[in-house]
Amino acid sequence: HNINPMCQCTFIVYSYKYIHADNRVSYPLCFIFSSPMGCKPEQQMMYAGSKNRLVQAAELTKVFETRNVDDLTEEWLKNQLAFFR
């Protein structure tokens, strides 16, 4: 049976050098959950449950989700982080 790798749910934990508007530098630990369109519903449910447990256990606070892997750019991440001060 053929599996399209672009339809796989993925967890990404990424330490990003973020330069704030006032030139402060921080290194937020970002958790990104990618659940592309076309993933099987049972796979999405399995990963969603695991995601919540992992976020709680690791005490992650910068948690983002995307349904389109093409969104995963530095610009996208900066826009997500802009909501945190």
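The side chain of Lys51 makes a polar contact with the side chain of Glu65, at 3.4 Å. A polar contact here is a pair of N or O atoms within 3.5 Å; within protein, one must be able to donate a hydrogen and the other to accept it, and residues adjacent in sequence count only if both atoms are side-chain atoms. This is a predicted model, in which local features need pLDDT of at least 70, side-chain atom pairs count only at pLDDT 80 or more, and totals for chains, interfaces and linings use all residues. Residues are numbered from 1 along each chain as its sequence is written, and side-chain values use heavy atoms, with hydrogens and water left out.

Is Lys51 buried or exposed? Lys51 counts as buried because its relative accessibility is 13%, where buried means under 20% relative accessible area, exposed over 50%, and partly exposed in between (1.4 Å probe, protein chains only). Leaving aside residues up to four places away in sequence, Lys51 touches Phe11, Phe31, Phe33 and Glu65; contact means heavy atoms within 4.5 Å. Lys51 has its place in helix 1. Helices (H or I, at least four residues) and strands (E, at least two) are DSSP runs, numbered from the N terminus.

Three strands form an open sheet with mixed pairing, in the order 1-4-5; two strands pair if DSSP finds at least two bridges between them. Strand 1 (10–15) and strand 5 (62–66) stand at the edges with a single partner strand each, so one side of each has no neighbour in the sheet. From one strand to the next, the twist averages 20 degrees.

Strand 1 and strand 4 run antiparallel and are joined by 6 bridges; Ser15 has Leu29 as its bridge partner in strand 4. Strand 4 (residues 29–34) and strand 5 run parallel, with 5 bridges between them. Cys30 has Lys62 as its bridge partner in strand 5, and Ile32 stands opposite Phe64.

Next, the helices. Helix 1 (residues 41–57) lies across strand 1, strand 4 and strand 5, and runs at about 170 degrees to strand 4. Axes are lines fitted to C-alpha atoms, for helices over the stretch in contact, and angles run from 0 to 180 degrees between N-to-C directions. Helix 2 (residues 74–81) packs on the sheet, touching strand 1, strand 4 and strand 5, and its direction makes about 130 degrees with that of strand 5.

Which residues of helix 2 are buried? They are Trp76, Leu77 and Leu81. These residues lie on the same side of helix 2, because they cover an arc of only 130 degrees around the axis; the arc is that of the directions from the helix axis to the C-beta atoms.

Finally, the cores. The largest nonpolar core has 8 residues: Tyr16, Tyr18, Cys30, Ile32, Phe64, Trp76, Leu77 and Leu81. Such a core is a set of buried Ala, Val, Leu, Ile, Met, Phe, Trp, Tyr and Cys residues joined through side-chain atoms within 4.5 Å. Helix 2 gives the largest share of this core, 3 residues. A second, separate core of 6 residues includes Cys9, Phe31, Cys39 and Leu60.
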